[in-house]
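Hi everyone, thanks for coming. I'd like to walk you through one structure today, starting with its aromatic rings and then turning to its ligands.

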Amino acid sequence: MIFVTGGAGFIGANFILDWLAGSDEPVLNIDRLTYAGNLENLASVERDPRYRFEKLDVCERDAVLALMRELRPRALIHFAAESHVDRSILGPGEFVRTNVDGTFSLLEAARAYWSGLEGAERQAFRFLHVSTDEVYGSLEPDEPGFSETTPYRPNSPYSASKAASDHLVRAWHHTYGLPTLTTNCSNNYGPCQFPEKLIPLIIANALAGRPLPIYGDGLNVRDWLYVGDHCAAIRRVLEAGRPGEVYNVGGNNEMPNIEVVRTVCRLLDTMRPDPAGPRERLIGYVADRPGHDRRYAIDARKIAGELGWRPAETFETGIGKTVRWYLDHQDWVARVQSGAYREWIARNYEAR
Ligand code: NAD
Ligand code: DAU
């Protein structure tokens, strides 16, 4: 069995669905169900005997440890986090609690559990920490992509909290020998992403005829990776990564935000034309994100060379699948755009 934290969120849910499609090994999903946790993402496996859900905060160390001792997982894959940069700017406390304290609690639970294991079970155990490229800070246009040895320079409360969690994971390996693995990945996109993040927000707004807000000059660059490729990278690191190591994961798809938005508009116009005219008419520039990182790029040579992982999707194929999914799941979008969602969107854009 494996444990997954944050499995009701965007990447965690995609990971569980992909896992159960390719393996008989059971999964326990530990999730507190914040605004970003949505069990509807996992409806297709709800009754699968290989799947179990525990509504639990990762900060509840004793409860997590009790589950570990009962179910004896061979790995814990830690996705649970507060993940949205704009939310971290308006309210950083929850980011420190979940991302820093939560990771600390899980490390302590895992250490206690792992210390009690023996022989092959002890050898096999892994704590895989899912992290972000944002810990490395921002790149100038001509700088090479982030590698595993790039110094940490987090700039937002979100990235600082993730950087702190990465350091805890590193220390638990170095000091206690806990067999950890860390992945630092670039921007994901794909099905089930909460419509506060750029791509699903743009799709949802464009379909509803609402403005498409571009922060600053729209020339900030991100490296986009289809979520299924990220899940495959995590499976590969779990299978063959060396304990104590860090693996950077990226899509080799650097693109300025305005280009991403224009691509989404053009795809929507082709797949579902708007009688009012091309969706690019909805694009509007709004105040920049404070401390907005200019550019992220990943050097993924280590995971490619050591573990043979490469993304299967190009941006063209991945974004096509993604736009199709949102067109086919407009009821999903409508359901997650609850009162709480509307409050957040109003607060974020009022602050600009
Ligand atoms: P998400 O916000 O969609 O989901 C987070 C999940 O964690 C939700 O289900 C939420 O309910 C759960 N959660 C939050 N606090 C919790 C707590 N205290 N206890 C238990 N569960 C809790 O996030 P995501 O985009 O799926 O990101 C998953 C992980 O991947 C995060 O660690 C994030 O830092 C990392 N990451 C994300 C991206 C990206 O582009 N989205 C890229 C690289 C790394
Ligand atoms: O790089 C990995 C990170 O990618 C993950 O660790 C984070 O969890 C994830 O949220 C994402 O962070 P970003 O801040 O890059 O993603 P976001 O979708 O919020 O924004 C992408 C870019 O688009 C960024 O430059 C800000 C810009 N943007 C975003 C929104 C929501 C806009 O121009 N308008 C918007 O309305």
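Predicted model: local features only at pLDDT ≥ 70, side-chain atom pairs only at ≥ 80, totals over all residues.

Residues are numbered from 1 along each chain as its sequence is written, chains are lettered from A and ligands numbered from 1 in the order in which they are written, and side-chain values use heavy atoms, without hydrogens and water.

Now to the rings. Rings of Phe, Tyr and Trp (its six-membered ring) pair if their centres lie within 6.5 Å; planes under 30 degrees apart are stacked, over 60 edge-to-face, and the rest tilted. By that rule the structure has 16 aromatic pairs. One of them joins Tyr113 and Phe125, edge-to-face, with 5.5 Å centre to centre and 75° between the planes. Helices here (H or I, at least four residues) and strands (E, at least two) are DSSP runs, numbered from the N terminus. Tyr113 sits in helix H4 (residues 93-115) and Phe125 in the loop between helix H5 (119-124) and strand S5 (126-132), so this pair ties together parts twelve residues apart in sequence. Are these two buried or exposed? Tyr113 and Phe125 are both buried.

Next come Tyr189 and Tyr226: their ring centres are 5.7 Å apart and their planes are at 70°, so this pair is edge-to-face. Because Tyr189 belongs to strand S7 (residues 187-189) and Tyr226 to strand S9 (residues 221-226), the pair links parts that are 37 residues apart in sequence. Tyr189 and Tyr226 are buried. There is also an aromatic cluster made of Tyr136, Phe146, Tyr152 and Tyr296.

On to ligand 1. Near, for me, means that a heavy atom of the residue lies within 4 Å. Ligand 1 is surrounded by 29 residues, and the closest are Ile11, Asp31, Ser83, Tyr158 and Lys162. For polar contacts, think of N or O atom pairs within 3.5 Å; within protein, one must be able to donate a hydrogen and the other to accept it, and residues adjacent in sequence count only if both atoms are side-chain atoms. An N or O atom in the side chain of Tyr158 is 2.7 Å from an oxygen atom of ligand 1, and a polar backbone atom of Val58 is 2.9 Å from a nitrogen atom of ligand 1. Which element gives the most to the shell around ligand 1? That is S5, with three residues.

Finally, ligand 2. Of the 24 residues around ligand 2, the nearest are Asp133, Tyr158, Arg289, His292 and Tyr349. The side chain of Glu134 has an N or O atom 2.8 Å from an oxygen atom of ligand 2. Leu198 places a backbone N or O atom 2.8 Å from an oxygen atom of ligand 2, while Pro213 has a backbone N or O atom 2.8 Å from a nitrogen atom of ligand 2. Helix H7 (198-208) and strand S8 (212-215) are the elements that give two or more residues to the shell around ligand 2, and S8 gives the most, with three residues.

Thanks, and I'm happy to take questions!

How values were computed
Buried < 20%, exposed > 50% of the residue type's maximum accessible area, 1.4 Å probe, protein only.
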